[in-house]
Amino acid sequence: CDVLERFAKLCDTLADPQRAQRYRLLAAGYAAAVEQFGWDGNWYRRAFYDDGSPLGSSQDAEGKIDMIAQSWAVLSGAADPQRSRQALNSVYEYLVRPKERLALLLTPPFDKTLRDPGYIKGYLPGTRENGGQYTHAATWTAWASAMLGDGKQAGELFNLLNPIFQSDSAQKAQKYRVEPYVISADIYGSPPYTGRGGWSWYSGSAAWMYRLGLEAILGFKKQGNTLVVDPVIPPEWNGFEIRYQFGESVYQIKVVNPRHIARNVIKVNLDGQTLKERGIPLTDDHQVHEVLVEMGIEPAA
(Lines give C-alpha, C1' and ligand atoms only; values in the text may rest on other atoms or scores of the structure.)
Protein backbone atom coordinates (compact mmCIF):
# COMPACT_ATOMS: atom_id res chain seq x y z
CA CYS A 1 0.00 0.00 0.00
CA ASP A 2 2.78 2.40 0.89
CA VAL A 3 4.71 1.78 -2.32
CA LEU A 4 1.59 2.06 -4.49
CA GLU A 5 0.61 5.37 -2.89
CA ARG A 6 4.12 6.75 -3.40
CA PHE A 7 4.14 5.72 -7.05
CA ALA A 8 0.68 7.22 -7.49
CA LYS A 9 2.03 10.59 -6.32
CA LEU A 10 4.96 10.21 -8.70
CA CYS A 11 2.53 9.53 -11.54
CA ASP A 12 0.63 12.69 -10.60
CA THR A 13 3.78 14.75 -11.08
CA LEU A 14 4.40 13.00 -14.42
CA ALA A 15 0.86 13.83 -15.61
CA ASP A 16 -0.15 10.17 -15.80
CA PRO A 17 -3.51 10.24 -13.97
CA GLN A 18 -4.76 6.90 -15.28
CA ARG A 19 -1.83 4.99 -13.86
CA ALA A 20 -2.02 6.96 -10.61
CA GLN A 21 -5.68 6.05 -10.25
CA ARG A 22 -4.97 2.38 -10.95
CA TYR A 23 -2.29 2.29 -8.25
CA ARG A 24 -4.59 3.98 -5.72
CA LEU A 25 -7.38 1.53 -6.45
CA LEU A 26 -5.00 -1.40 -5.97
CA ALA A 27 -3.80 0.03 -2.66
CA ALA A 28 -7.38 0.53 -1.47
CA GLY A 29 -8.23 -3.05 -2.45
CA TYR A 30 -5.26 -4.47 -0.55
CA ALA A 31 -6.10 -2.41 2.53
CA ALA A 32 -9.74 -3.54 2.45
CA ALA A 33 -8.68 -7.19 2.13
CA VAL A 34 -6.33 -6.89 5.11
CA GLU A 35 -9.04 -5.32 7.25
CA GLN A 36 -11.49 -8.07 6.29
CA PHE A 37 -9.20 -11.09 6.62
CA GLY A 38 -6.02 -9.99 8.39
CA TRP A 39 -7.28 -8.61 11.71
CA ASP A 40 -6.89 -11.11 14.53
CA GLY A 41 -8.58 -9.23 17.36
CA ASN A 42 -5.63 -7.41 18.92
CA TRP A 43 -3.11 -7.34 16.07
CA TYR A 44 -2.76 -8.07 12.36
CA ARG A 45 -1.87 -11.53 11.13
CA ARG A 46 1.45 -11.82 9.33
CA ALA A 47 0.50 -14.03 6.39
CA PHE A 48 -1.38 -17.14 5.32
CA TYR A 49 -0.14 -20.65 4.60
CA ASP A 50 -0.97 -22.31 1.28
CA ASP A 51 -3.98 -24.03 2.83
CA GLY A 52 -5.40 -20.70 4.01
CA SER A 53 -4.45 -21.08 7.67
CA PRO A 54 -3.23 -17.81 9.25
CA LEU A 55 0.34 -17.18 10.34
CA GLY A 56 0.74 -14.77 13.24
CA SER A 57 -2.56 -15.44 14.96
CA SER A 58 -3.48 -15.72 18.63
CA GLN A 59 -4.59 -19.27 17.80
CA ASP A 60 -1.02 -20.26 16.89
CA ALA A 61 1.22 -21.96 19.45
CA GLU A 62 4.30 -20.52 17.70
CA GLY A 63 4.75 -17.26 15.83
CA LYS A 64 1.59 -15.80 17.37
CA ILE A 65 2.46 -12.15 16.76
CA ASP A 66 4.88 -10.57 14.30
CA MET A 67 6.30 -7.05 14.60
CA ILE A 68 6.42 -6.16 10.89
CA ALA A 69 2.69 -6.39 10.22
CA GLN A 70 1.93 -4.14 13.19
CA SER A 71 4.52 -1.45 12.45
CA TRP A 72 3.58 -1.21 8.79
CA ALA A 73 -0.10 -0.98 9.67
CA VAL A 74 0.90 2.42 11.07
CA LEU A 75 3.71 3.38 8.67
CA SER A 76 1.63 2.73 5.56
CA GLY A 77 -1.31 4.77 6.83
CA ALA A 78 -3.51 2.13 5.23
CA ALA A 79 -4.85 0.39 8.35
CA ASP A 80 -7.82 1.29 10.50
CA PRO A 81 -6.48 3.91 12.97
CA GLN A 82 -7.93 2.30 16.10
CA ARG A 83 -6.78 -1.16 15.07
CA SER A 84 -3.28 -0.04 14.15
CA ARG A 85 -2.87 1.71 17.51
CA GLN A 86 -4.04 -1.44 19.29
CA ALA A 87 -1.68 -3.52 17.14
CA LEU A 88 1.27 -1.38 18.19
CA ASN A 89 0.23 -1.65 21.83
CA SER A 90 0.31 -5.44 21.40
CA VAL A 91 3.87 -5.18 20.08
CA TYR A 92 4.98 -3.42 23.26
CA GLU A 93 3.08 -5.94 25.36
CA TYR A 94 4.38 -9.14 23.75
CA LEU A 95 7.56 -8.32 21.83
CA VAL A 96 9.42 -5.50 23.57
CA ARG A 97 11.38 -6.64 26.64
CA PRO A 98 13.07 -3.61 28.25
CA LYS A 99 14.83 -5.57 31.02
CA GLU A 100 16.53 -7.78 28.43
CA ARG A 101 17.00 -4.84 26.03
CA LEU A 102 15.23 -6.75 23.25
CA ALA A 103 12.56 -6.01 20.66
CA LEU A 104 11.69 -9.40 19.19
CA LEU A 105 10.55 -9.92 15.61
CA LEU A 106 8.00 -12.56 16.62
CA THR A 107 7.05 -14.78 19.53
CA PRO A 108 7.07 -17.62 20.41
CA PRO A 109 9.83 -18.86 18.07
CA PHE A 110 9.12 -21.64 15.58
CA ASP A 111 10.28 -25.00 16.91
CA LYS A 112 7.80 -27.88 17.00
CA THR A 113 5.21 -26.77 14.44
CA LEU A 114 4.63 -29.08 11.47
CA ARG A 115 3.83 -26.11 9.26
CA ASP A 116 6.51 -24.49 7.11
CA PRO A 117 6.78 -20.72 7.61
CA GLY A 118 9.84 -20.59 5.36
CA TYR A 119 13.58 -20.48 5.85
CA ILE A 120 13.42 -18.80 9.27
CA LYS A 121 12.39 -22.12 10.78
CA GLY A 122 15.89 -23.32 9.90
CA TYR A 123 17.32 -21.03 12.57
CA LEU A 124 17.38 -22.24 16.16
CA PRO A 125 14.55 -20.79 18.28
CA GLY A 126 15.41 -17.25 19.35
CA THR A 127 18.05 -16.81 16.65
CA ARG A 128 17.84 -14.10 13.97
CA GLU A 129 14.36 -13.89 12.42
CA ASN A 130 13.15 -16.92 14.36
CA GLY A 131 12.19 -15.07 17.49
CA GLY A 132 15.27 -12.93 17.97
CA GLN A 133 15.50 -9.17 17.61
CA TYR A 134 15.66 -8.15 13.97
CA THR A 135 16.74 -4.54 14.00
CA HIS A 136 14.98 -3.46 10.80
CA ALA A 137 11.62 -4.31 12.31
CA ALA A 138 12.46 -2.74 15.66
CA THR A 139 13.36 0.59 14.03
CA TRP A 140 10.07 0.49 12.09
CA THR A 141 8.20 0.00 15.36
CA ALA A 142 9.89 3.01 16.94
CA TRP A 143 9.09 5.04 13.82
CA ALA A 144 5.46 3.95 14.03
CA SER A 145 5.34 5.15 17.65
CA ALA A 146 6.67 8.52 16.52
CA MET A 147 4.02 8.70 13.79
CA LEU A 148 1.37 8.20 16.48
CA GLY A 149 2.90 11.06 18.47
CA ASP A 150 4.28 8.88 21.25
CA GLY A 151 7.68 10.45 21.79
CA LYS A 152 8.19 8.61 25.06
CA GLN A 153 7.96 5.15 23.48
CA ALA A 154 9.89 6.17 20.37
CA GLY A 155 12.72 7.53 22.51
CA GLU A 156 12.78 4.52 24.81
CA LEU A 157 12.94 2.09 21.90
CA PHE A 158 15.64 4.18 20.19
CA ASN A 159 17.74 3.94 23.36
CA LEU A 160 17.04 0.22 23.62
CA LEU A 161 18.34 -0.23 20.06
CA ASN A 162 21.40 1.94 20.63
CA PRO A 163 24.39 -0.44 20.70
CA ILE A 164 26.31 1.86 23.05
CA PHE A 165 23.88 0.90 25.80
CA GLN A 166 24.40 -2.79 25.08
CA SER A 167 28.02 -2.53 26.24
CA ASP A 168 28.23 0.33 28.76
CA SER A 169 29.31 -2.09 31.48
CA ALA A 170 31.65 -5.07 31.56
CA GLN A 171 28.73 -7.38 32.32
CA LYS A 172 26.72 -6.15 29.32
CA ALA A 173 29.73 -6.29 27.00
CA GLN A 174 30.42 -9.89 27.98
CA LYS A 175 26.86 -10.79 27.03
CA TYR A 176 26.60 -8.69 23.83
CA ARG A 177 30.04 -9.71 22.47
CA VAL A 178 30.04 -7.59 19.31
CA GLU A 179 31.13 -4.02 18.58
CA PRO A 180 29.23 -1.38 20.61
CA TYR A 181 29.68 1.34 17.97
CA VAL A 182 27.88 -0.24 15.00
CA ILE A 183 24.41 -1.69 14.45
CA SER A 184 23.83 -5.44 14.54
CA ALA A 185 21.28 -7.02 12.25
CA ASP A 186 19.98 -9.19 15.05
CA ILE A 187 20.28 -10.02 18.74
CA TYR A 188 19.54 -13.48 20.09
CA GLY A 189 16.35 -13.79 22.08
CA SER A 190 16.54 -17.17 23.86
CA PRO A 191 18.81 -18.80 26.46
CA PRO A 192 21.67 -19.45 26.72
CA TYR A 193 22.55 -16.66 24.28
CA THR A 194 19.90 -14.05 25.17
CA GLY A 195 21.28 -10.61 24.39
CA ARG A 196 24.18 -11.72 22.17
CA GLY A 197 24.62 -9.64 19.03
CA GLY A 198 24.90 -11.14 15.57
CA TRP A 199 25.91 -9.94 12.10
CA SER A 200 27.33 -6.57 13.12
CA TRP A 201 28.22 -3.69 10.77
CA TYR A 202 24.77 -4.14 9.24
CA SER A 203 24.41 -1.09 7.00
CA GLY A 204 20.72 -1.56 6.18
CA SER A 205 19.60 -1.34 9.79
CA ALA A 206 22.17 1.40 10.46
CA ALA A 207 20.56 3.56 7.78
CA TRP A 208 17.11 3.00 9.26
CA MET A 209 18.43 3.79 12.75
CA TYR A 210 19.97 7.06 11.52
CA ARG A 211 16.75 8.07 9.77
CA LEU A 212 14.71 7.07 12.83
CA GLY A 213 16.69 9.43 15.02
CA LEU A 214 16.97 12.32 12.58
CA GLU A 215 13.64 12.22 10.72
CA ALA A 216 11.13 10.45 12.95
CA ILE A 217 12.25 11.66 16.41
CA LEU A 218 14.05 14.97 15.76
CA GLY A 219 11.59 15.61 12.93
CA PHE A 220 14.19 16.85 10.42
CA LYS A 221 12.58 16.59 6.97
CA LYS A 222 13.98 18.23 3.85
CA GLN A 223 11.57 18.63 0.94
CA GLY A 224 13.27 20.21 -2.06
CA ASN A 225 14.71 23.51 -0.83
CA THR A 226 12.40 23.64 2.18
CA LEU A 227 13.22 22.27 5.62
CA VAL A 228 10.54 21.19 8.08
CA VAL A 229 11.40 20.46 11.72
CA ASP A 230 8.49 18.64 13.38
CA PRO A 231 9.85 16.65 16.36
CA VAL A 232 8.28 13.78 18.27
CA ILE A 233 10.49 13.56 21.35
CA PRO A 234 10.42 12.25 24.92
CA PRO A 235 8.47 14.89 26.92
CA GLU A 236 11.24 15.25 29.49
CA TRP A 237 13.55 16.74 26.85
CA ASN A 238 14.11 20.50 27.14
CA GLY A 239 14.95 20.57 23.44
CA PHE A 240 17.92 19.94 21.16
CA GLU A 241 20.12 21.58 18.52
CA ILE A 242 21.04 20.69 14.95
CA ARG A 243 23.74 22.22 12.80
CA TYR A 244 22.82 21.75 9.14
CA GLN A 245 24.98 22.79 6.21
CA PHE A 246 23.17 23.64 2.97
CA GLY A 247 25.73 24.25 0.26
CA GLU A 248 27.95 26.98 1.70
CA SER A 249 25.29 28.15 4.17
CA VAL A 250 24.91 26.97 7.75
CA TYR A 251 21.60 26.66 9.58
CA GLN A 252 21.90 26.64 13.36
CA ILE A 253 18.62 25.08 14.50
CA LYS A 254 17.53 25.26 18.12
CA VAL A 255 14.37 23.46 19.26
CA VAL A 256 12.94 24.43 22.65
CA ASN A 257 10.30 22.46 24.57
CA PRO A 258 9.32 24.59 27.60
CA ARG A 259 5.97 22.82 28.13
CA HIS A 260 7.59 19.37 28.02
CA ILE A 261 5.29 17.85 25.44
CA ALA A 262 6.02 15.10 22.91
CA ARG A 263 4.79 16.83 19.79
CA ASN A 264 3.47 20.11 18.38
CA VAL A 265 5.39 23.05 16.94
CA ILE A 266 3.73 26.41 17.56
CA LYS A 267 6.33 28.83 16.20
CA VAL A 268 9.31 28.90 13.84
CA ASN A 269 11.67 31.88 13.67
CA LEU A 270 14.28 32.37 10.95
CA ASP A 271 16.91 35.02 11.69
CA GLY A 272 14.60 36.69 14.20
CA GLN A 273 11.54 36.73 11.95
CA THR A 274 8.50 34.53 12.62
CA LEU A 275 7.60 32.42 9.59
CA LYS A 276 3.93 32.33 8.59
CA GLU A 277 4.44 28.87 7.18
CA ARG A 278 6.33 26.25 9.23
CA GLY A 279 8.60 25.36 6.33
CA ILE A 280 12.09 26.93 6.49
CA PRO A 281 13.27 28.18 3.06
CA LEU A 282 16.85 27.10 2.37
CA THR A 283 19.18 29.51 0.57
CA ASP A 284 22.78 28.90 -0.44
CA ASP A 285 23.96 32.45 0.31
CA HIS A 286 27.15 31.58 2.25
CA GLN A 287 25.60 32.96 5.45
CA VAL A 288 24.93 31.54 8.91
CA HIS A 289 21.20 31.43 9.68
CA GLU A 290 19.61 31.08 13.11
CA VAL A 291 16.45 29.01 13.38
CA LEU A 292 14.36 28.79 16.55
CA VAL A 293 11.62 26.15 16.71
CA GLU A 294 9.26 26.38 19.68
CA MET A 295 7.13 23.45 20.79
CA GLY A 296 4.01 24.07 22.84
CA ILE A 297 0.25 23.93 23.14
CA GLU A 298 -1.91 25.96 20.80
CA PRO A 299 -4.10 28.55 22.58
CA ALA A 300 -7.79 27.72 22.66
CA ALA A 301 -9.77 29.21 19.77
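Q: Let's start with serine 249. Is it buried or exposed?
A: Serine 249 is buried, because its relative accessible area is 0% and buried means under 20%. Keep in mind that this is a predicted model.

Q: Where is serine 249 found?
A: Serine 249 is in strand S13, which covers residues 249-256.

Q: What does the side chain of serine 249 reach?
A: It reaches the backbone oxygen of threonine 283, at 2.8 Å.

Q: And which residues does serine 249 touch, leaving out those up to four places away in sequence?
A: With those left out, serine 249 touches Tyr244, Thr283, Asp284, Asp285, His286, Gln287 and His289.

Q: Ok, now the core. How many residues are in the largest nonpolar one?
A: The largest nonpolar core has 64 residues. Tyr244, Tyr251, Ile253 and Ile280 have the most contacts inside it.

Q: Which helix gives the largest share of this core?
A: Helix H5, residues 135-147, with 7 residues.

Q: What does tyrosine 251 touch, again without residues up to four places away?
A: The residues in contact with tyrosine 251 include Ile242, Tyr244, Phe246, Leu270, Ile280 and Val291. Arg243, Thr283 and His289 are also among them.

Q: Switching to the surface. Which residues make the nonpolar patch there?
A: Val3, Phe7, Leu10 and Leu14 make a nonpolar surface patch of about 400 Å².

Q: Is valine 3 buried or exposed, then?
A: Exposed: the relative accessible area of valine 3 is 52%. Valine 3 lies in helix H1, residues 2-13.

Q: Next, salt bridges. What does the count come to?
A: The count comes to 14 salt bridges. One of them joins the side chains of aspartate 12 and arginine 24, at 2.7 Å from N to O. That pair links distant parts of the chain, with aspartate 12 in helix H1 and arginine 24 in helix H2 (residues 17-37), 12 residues apart.

Q: Which residues are linked in a network of salt bridges?
A: Glu5, Asp12 and Arg24 are linked in one.

Q: What about glutamate 215, which residue does it form a salt bridge with?
A: Arginine 211, with the closest N and O atoms 2.8 Å apart.

Q: Why are glutamate 215 and arginine 211 separated by about one helical turn?
A: Because they are 4 residues apart in helix H8, which runs over residues 203-217. Glutamate 215 is partly exposed with a relative accessible area of 23%, and arginine 211 is partly exposed at 33%.

Q: And lysine 172? Which residue is in a salt bridge with it?
A: Aspartate 168, with the closest N and O atoms 3.0 Å apart. Lysine 172 counts as partly exposed at 27% relative accessibility, and aspartate 168 counts as partly exposed at 45%.

Q: Changing topic to the backbone. Which peptide bond goes from threonine 107, and is it cis or trans?
A: The bond from threonine 107 to proline 108 is cis, with omega near -15 degrees. Proline 108 lies in the loop between strand S6 (106-107) and strand S7 (133-134).

Q: What joins proline 191 and proline 192?
A: A cis peptide bond, with omega about 5 degrees. Proline 192 is in the loop between strand S8 (184-187) and strand S9 (197-200).

Q: Why point those bonds out?
A: Most peptide bonds are trans, and most residues other than glycine have a negative phi.

Q: On phi, what is the value for alanine 15?
A: Near 55 degrees, which is positive in a residue other than glycine. Alanine 15 is in the loop between H1 and H2, and it counts as exposed at 66% relative accessibility.

Q: And what is the phi of tryptophan 199?
A: Tryptophan 199 has a positive phi of about 50 degrees although it is not a glycine. It lies in strand S9 and counts as exposed at 51% relative accessibility.

Notes
Residues are numbered from 1 along each chain as its sequence is written. This is a predicted model: local features need pLDDT of at least 70, side-chain atom pairs count only at pLDDT 80 or more; totals for chains, interfaces and linings use all residues. Side-chain values use heavy atoms; hydrogens and water are left out. A nonpolar core is a set of buried Ala, Val, Leu, Ile, Met, Phe, Trp, Tyr and Cys residues joined through side-chain atoms within 4.5 Å. Buried means under 20% relative accessible area, exposed over 50%, partly exposed in between (1.4 Å probe, protein chains only). Helices (H or I, at least four residues) and strands (E, at least two) are DSSP runs, numbered from the N terminus. Contact means heavy atoms within 4.5 Å. Patches are made of residues with over 30% relative accessible area and no salt bridge: like charges are joined within 9 Å, nonpolar side chains (Val, Leu, Ile, Met, Phe, Trp, Tyr) within 5 Å. Accessible areas come from the Shrake-Rupley method with a 1.4 Å probe; for residues, only the protein chains shown count as cover. A salt bridge is a side-chain nitrogen of Lys or Arg within 4 Å of a carboxyl oxygen of Asp or Glu. A polar contact is a pair of N or O atoms within 3.5 Å; within protein, one must be able to donate a hydrogen and the other to accept it, and residues adjacent in sequence count only if both atoms are side-chain atoms.
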